[in-house]
Amino acid sequence: MDFDVIIIGAGPGGIFSAYELTRLDPKLKVAVFEAGHPLAKRSCPIDGDRIKSCIHCSSCSIMSGFGGAGAFSDGKYNITNDFGGTLYEYIGKARALELMRYVDDINMKYGGRGTKLYTTAGSKFKKLCIQNDLHLLDASVRHLGTDINYVVLENLYEELKEKALFFFDTPVESVAVMEGGYRIHTKDASYTCEKCVISVGRSGSKWMEAVCRDLKIPTRSNRVDIGVRVELPAEVFSHLTDELYESKIVYCTRQYGDRVRTFCMNPKGAVVNENTGGIVTVNGHSYEDPAKQTGNTNFALLVAKHFSEPFKDSNGYGESIARLSNMLGGGVIVQRFGDLIRGRRSNPVRIEEAFITPTLKATPGDLSLVLPKRILDGIIEMIYALDKIAPGTANDDTLLYGVEVKFYNMEVQVDERLQSCYQGLYIIGDGSGITHSLSHASASGIHVARNIVIN
Ligand SMILES: Cc1cc2nc3c(=O)[nH]c(=O)nc-3n(C[C@H](O)[C@H](O)[C@H](O)COP(=O)(O)OP(=O)(O)OC[C@H]3O[C@@H](n4cnc5c(N)ncnc54)[C@H](O)[C@@H]3O)c2cc1C
């Protein structure tokens, strides 16, 4: 065999697998194949000036490369079983939490020391939420911030490059089962290994589907989350964000009984474009460095859509809605809450005259022409519910950017070791459909490494 272990994908899942494998057994021959660039070469060409929209690079620097989709993220590591994935269903709640804490220790060791760990434990907001028909989920969140997250990744790479062999700009095209192991094929070569860890994240979801189809690995799917990103003056949420940083709050709508939840809260942050295969959606960032902070806080309000038979393409549904906003607005649409509830589009003058300065240049428009009624009604209901615990949320000038879509990979059938129906073939991280977050994906990498080495 060329290698003891081949890891496909150098996102958090792949990185933490490589870290733990080489730590536990320095003699192991480990190779990591990554479709994208090394961290230092990752750069999106969209500068908002010369290049305004996606030019479809052969490898998207936002989603691919060392650090995976999380490299330029806000670096929020949520230590919880309440959201971020269902890893605990496979490995147990206590173990999942232990691994997430272990990942946090590693992040601290490699440059994260000094960053803040927030927690909902004992928070007075739990009671306030319940009194207003809202539900605050339990979590501790380490906020590295986009800047420190990058430093941690740089340091981890410095350490790992001496211990594992990295093949960048080398997408794996296929995986074949052979006697006693696996053979992976790239464009120019093929390599063999005894054990193979697949950690290809969201960007590798279509490829993962093909691998499962070819190898007849069972899968199941059917969820997509659709909503908007809310931006308001930081003061409106400061009592919550100062204490908790990120609060995950769930609301069950009276009209339809749908669940709407807050997601990815960025105090004093900025709203940003996200590009998924050429479709522009919205996301948010924030920085630890006060010099980079803004006067606004942003967070997503998302409604989960689960489909039943015969419809199977939940991600296609989400993509179509995002495409509609791109068709009307040329990208992301922004609308004042006051305009939305009065049934009129926002225009440049209304946005200009608002008492809030948008942090993302988006096209003023009408989100009611984009989002399905049921989803939009749920979002409006939740904004009024949030207004009770954070007065000002339902102000006319609150900005809504659309659309925000969270795509989910189909769930691959694996056992408690995260091993597929093939012995020695492990599927982890967001590519497995089991995790949807930095901490869960990283923890799945540690879990699999320990299973491989300790057996
Ligand atoms: C803008 C943004 C902000 C985010 N912010 C947060 C946050 O604050 N907190 C949080 O918990 N989560 C956040 N997330 C989600 C988080 O980044 C992911 O959950 C996490 O990165 C998943 O890790 P992973 O290793 O499973 O996959 P990924 O990070 O997606 O990594 C997979 C890697 O595999 C590579 N790959 C794919 N196919 C192949 C192939 N065939 N051959 C070789 N390599 C391949 C890809 O290039 C990629 O680098 C954010 C995501 C985005 C896009």
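Residues are numbered from 1 along each chain as its sequence is written. Because the model is predicted, local features need pLDDT of at least 70 and side-chain atom pairs count only at pLDDT 80 or more, whereas totals for chains, interfaces and linings use all residues.

The chain comprises 12 helices and 22 strands, these being DSSP runs numbered from the N terminus (helices, H or I, at least four residues; strands, E, at least two). Along the principal axes, the C-alpha atoms occupy a box of roughly 65 × 45 × 45 Å. Of the 455 residues, 49% are buried. A residue is termed buried if 20 or more other C-beta atoms lie within 10 Å of its own, exposed if 12 or fewer do, and partly exposed in between, with C-beta atoms placed from the backbone. Among contacts between residues at least 6 apart in sequence, 76% join residues at least 24 apart, a contact requiring C-beta atoms, placed from the backbone, within 7 Å.

Strand S1 (residues 3-8) is mostly covered, with five of its six residues buried. S1 pairs in the parallel sense with strand S10 (residues 190-198) over five bridges, and Ile8 has Ile198 of S10 as its bridge partner. Pairing of two strands requires that DSSP find at least two bridges between them. S1 is also parallel to strand S2 (residues 30-33), to which four bridges join it; here Val5 stands opposite Val30.

An open sheet of three strands shows antiparallel pairing in the order S3-S6-S4. Its edge strands, S3 (76-79) and S4 (116-119), each pair on one side only. The twist averages 20° from one strand to the next; axes are lines fitted to C-alpha atoms, for helices over the stretch in contact, and angles run from 0 to 180 degrees between N-to-C directions. S3 and strand S6 (residues 140-143) run antiparallel and are joined by four bridges, and Ile79 is partnered by Ser140 in S6.

A further open sheet, of mixed pairing, contains eight strands in the order S5-S13-S14-S17-S12-S20-S18-S19. S5 (134-136) and S19 (363-364) are the edge strands, each pairing on one side only. Strand S18 (residues 333-336) runs parallel to S19 with two bridges, and Val334 has Pro364 as its bridge partner. Helix H11 (residues 373-389) lies across S5, S12 (223-233), S13 (249-252), S14 (259-266) and S17 (296-306), at about 135° to S17.

The ligand is surrounded by 41 residues, the closest being Gly9, Gly11, Gly68, Gly201 and Gly429; a residue is counted as near if its C-beta atom, placed from the backbone, lies within 6 Å. Helix H1 (12-24), S3 and helix H12 (438-454) are the elements that give two or more residues to this shell. The shell divides into 12 nonpolar, 23 polar and six charged residues, where Ala, Val, Leu, Ile, Met, Phe, Trp, Tyr, Cys and Pro count as nonpolar, Asp, Glu, Lys and Arg as charged, and the others, Gly among them, as polar.

Gln419 lies in the loop between strand S21 (411-412) and strand S22 (425-427) and counts as partly exposed because it has 19 C-beta neighbours inside 10 Å. Not counting residues up to four places away in sequence, Gln419 touches Val414, Leu425 and Tyr426.

How values were computed
Contact = placed C-beta atoms within 7 Å.
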